Amino acid sequence: MNLLMMARNPDLYSHRRIAEAAEQRGHDFRVVDTLKCYMNIASHRPDVRYRGEVLKDIDAVIPRIGASITFYGLAVLRQFEMMGVYPLNESVSIGRSRDKLRSMQILSRRGIGLPVTAFAHSTGQADDLIDLVGGAPCVIKLLEGTQGIGVVLGETKGAAKSMIEAFGGLKANILVQEFIKEAGGTDIRAFVIGGKVIAAMQRTGAEGDFRSNIHRGGSAKTIRITPEERATAVRAAKALGLNVCGVDMLRANHGPVVMEVNSSPGLEGIEGATGKDIAGMIIEFIEKNARPNKTKTKGKG
Ligand code: ADP
């Protein structure tokens, strides 16, 4: 097959592994720098151009769009969809997952377990927000944060209130969330491909940190998840319409709660922890599923 990956940096572990797996399985594989793609969006024969060349005869596109270029990256991916090229994850689904509020609203509508969460822009109602999620301790998150940056624990109501007010002063969108203390500084990443959890790992934060992000000094190990956790991850992927994703969950007393669904999940942590060839499984999924004009949404909506 003719496979094309949209990625800014082909040298990242995940991107190298996907390229390796595609080549090992005998495919023609190519990486294009997402930001260097351009197109005529008003033409009735949509195409995508790259360094003066029209990109043609592509069987599937693998979007690895960094969070900072979501807007442009999704426009390029939509263009491929309009051309009938099969996308590993559709632009609409990636768009849903990139917007924390939108994705939580979708998951909530489907009855998927979530931490009790309130969000606000600049209400001036810090007390009420804290009460909405059951009081302190509670977690306050900057909506635009990634890799654990901008996630803080308000241990007392007073501390939570001043943090909310501080973020309010910066005019940031925030999310206030019940603190799942029983998770004990660990979370679960379930890796879903084609409606199945194919690998799972538990991440544990550095000593004294309630955040389990590897980027914050956390570590990962393979774990067996419960049938309920498995079902929750699969339902979350389905609700957002993602073929491939990482579903991050916390183990709460009342069952698994989903924190986030990542549509470009990294492979290094999960392949390292589980020893599985996840890049190979992604390519295998494409082999089985890629067909022209199979995009469900065609980038609409
Ligand atoms: P980011 O998207 O920046 O990684 P997350 O929302 O995933 O931010 O939070 C980072 C880490 O903080 C999580 O991996 C988890 O370990 C911890 N955490 C986040 N929310 C909660 C919560 N409500 N209760 C307990 N721990 C949490």
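Me: How much space lies in the second largest pocket?
Reply: About 350 Å³ of space lies there, where a volume is the space filled by probe spheres set on grid points joined across faces, edges and corners. Before we go on, please note that this is a predicted model: local features need pLDDT of at least 70, side-chain atom pairs count only at pLDDT 80 or more, and totals for chains, interfaces and linings use all residues. Residues are numbered from 1 along each chain as its sequence is written, and side-chain values use heavy atoms, with hydrogens and water left out.

Me: What makes the second largest pocket a pocket, and which residues lie nearest its centre?
Reply: On a 1 Å grid over the protein atoms alone, a pocket is an open set of points with protein on both sides within 12 Å along at least five of seven lines, whereas a cavity is a set where a 1.4 Å probe fits but cannot get out; lining residues have an atom within 4 Å of a point. By that test 18 residues line the second largest pocket, with E90, G241, L242, N243 and K296 nearest its centre. Its lining takes at least three residues from each of domain 1 (2-89 + 285-289) and domain 2 (96-113 + 182-277), with bounds from an automatic or database domain assignment.

Me: Which element gives the largest share of the lining of the second largest pocket?
Reply: That is α7, with 3 residues. Helices (H or I, at least four residues) and strands (E, at least two) are DSSP runs numbered from the N terminus.

Me: How many cavities of 30 Å³ or more are there?
Reply: The count comes to 2. The largest has a volume of about 40 Å³, and its lining residues include I18, R64 and V244.

Me: Which residues line the second largest cavity?
Reply: K100, S103, M104, L107, M259, E260 and V261 do. Two elements, α4 (100-109) and β16, each give two or more of them, and α4 supplies the largest share, 4 residues. By class, this lining has 4 nonpolar, 1 polar and 2 charged residues; Ala, Val, Leu, Ile, Met, Phe, Trp, Tyr, Cys and Pro count as nonpolar, Asp, Glu, Lys and Arg as charged, and the others, Gly among them, as polar.

Me: Which residues around the ligand come nearest?
Reply: Of the 20 residues around the ligand, these are K141, G148, E178, S212 and N213. A residue is near a molecule or strand if one of its heavy atoms lies within 4 Å of it.

Me: Why is the ligand said to lie between domain 2 and domain 3?
Reply: Domain 2 and domain 3 (117-179) both give residues to the shell around the ligand, so the ligand lies between them.
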